[in-house]
Amino acid sequence: MYVWSKKIVLGLLAAFVILIGVFFLESPGAASSHLKSHTTFWITLNYAGLVIWLFVWMIDQAAVRGKNVWLWLVPFLLAPLPTLVGYILYLQRKAA
């Protein structure tokens, strides 16, 4: 079953790049943040948990399909969302 079209993937990746660019352009730079440290800690902890959960899912999908997931570890740690999209497309390509 192929649910991801290339147009959707390219659109999502373009939106991701644009949002990251807006985030960096709009950030105050060296100014101090108004977030409290415990809020920042919980946001970071939730993000780390999500990244771990996604990689466990990737391991599970690789095991089901007989693929190697460990080649995807470093790109996933550097950029989780684009790597996850690429991994899903990699798993869904037709067998030759």
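Which residues form a nonpolar patch on the surface? The answer is I20, F23 and F24, which together have about 330 Å² of accessible area.

## The model and the patch

Before we look further, note that this is a predicted model, in which local features need pLDDT of at least 70, side-chain atom pairs count only at pLDDT 80 or more, and totals for chains, interfaces and linings use all residues. Residues are numbered from 1 along each chain as its sequence is written, and side-chain values use heavy atoms, with hydrogens and water left out.

Back to the patch. Patches are made of residues with over 30% relative accessible area and no salt bridge; like charges are joined within 9 Å, and nonpolar side chains (Val, Leu, Ile, Met, Phe, Trp, Tyr) within 5 Å. A salt bridge here is a side-chain nitrogen of Lys or Arg within 4 Å of a carboxyl oxygen of Asp or Glu. Accessible areas come from the Shrake-Rupley method with a 1.4 Å probe, and for residues only the protein chains shown count as cover. I20 sits in helix α1, residues 6-26. With 33% relative accessibility, I20 is partly exposed (buried means under 20% relative accessible area, exposed over 50%, and partly exposed in between, with a 1.4 Å probe and protein chains only).

## The overall picture

The protein has four helices and zero strands, and its elements run α-α-α-α from the N terminus on. Helices (H or I, at least four residues) and strands (E, at least two) are DSSP runs, numbered from the N terminus.

Of the 96 residues, 19% count as buried. The accessible surface comes to about 7700 Å², and 73% of it belongs to carbon and sulfur atoms. Now for contacts, meaning heavy atoms within 4.5 Å: among those with a separation of 6 or more, 56% are between residues 24 or more positions apart.

## Rings that meet

Rings of Phe, Tyr and Trp (its six-membered ring) pair if their centres lie within 6.5 Å; planes under 30 degrees apart count as stacked, over 60 as edge-to-face and the rest as tilted. By this rule there are four aromatic pairs. Take F55 and F76: their ring centres are 5.6 Å apart and their planes stand at 40 degrees, so this pair is tilted. The pair links distant parts of the chain, with F55 in helix α2 (residues 37-65) and F76 in helix α3 (residues 73-78), 21 residues apart. Both F55 and F76 are buried. Together with W70, F55 and F76 form one aromatic cluster.

W72 and Y87 make an edge-to-face pair, at 5.2 Å centre to centre and 75 degrees between the planes. This pair also links distant parts of the chain: W72 lies in the loop between α2 and α3, while Y87 is in helix α4 (residues 80-92), 15 residues apart. W72 is buried at 19% relative accessible area, and Y87 is buried at 0%.

P75 belongs to helix α3 and is partly exposed, because its relative accessible area is 34%. Leaving aside neighbours within four places in sequence, P75 is in contact with P80 and T83. T83 is in helix α4 and is buried, because its relative accessibility is 9%. Beyond its neighbours within four places in sequence, T83 is in contact with W72, P75 and F76. The side chain of T83 also reaches the backbone oxygen of A79 at 2.7 Å.

Q61 is found in helix α2 and is buried, with a relative accessible area of 15%. Its side chain makes a polar contact with the side chain of R65 at 2.3 Å. A polar contact is a pair of N or O atoms within 3.5 Å; within protein, one must be able to donate a hydrogen and the other to accept it, and residues adjacent in sequence count only if both atoms are side-chain atoms. Apart from neighbours within four places in sequence, Q61 is in contact with Y87 and L91.
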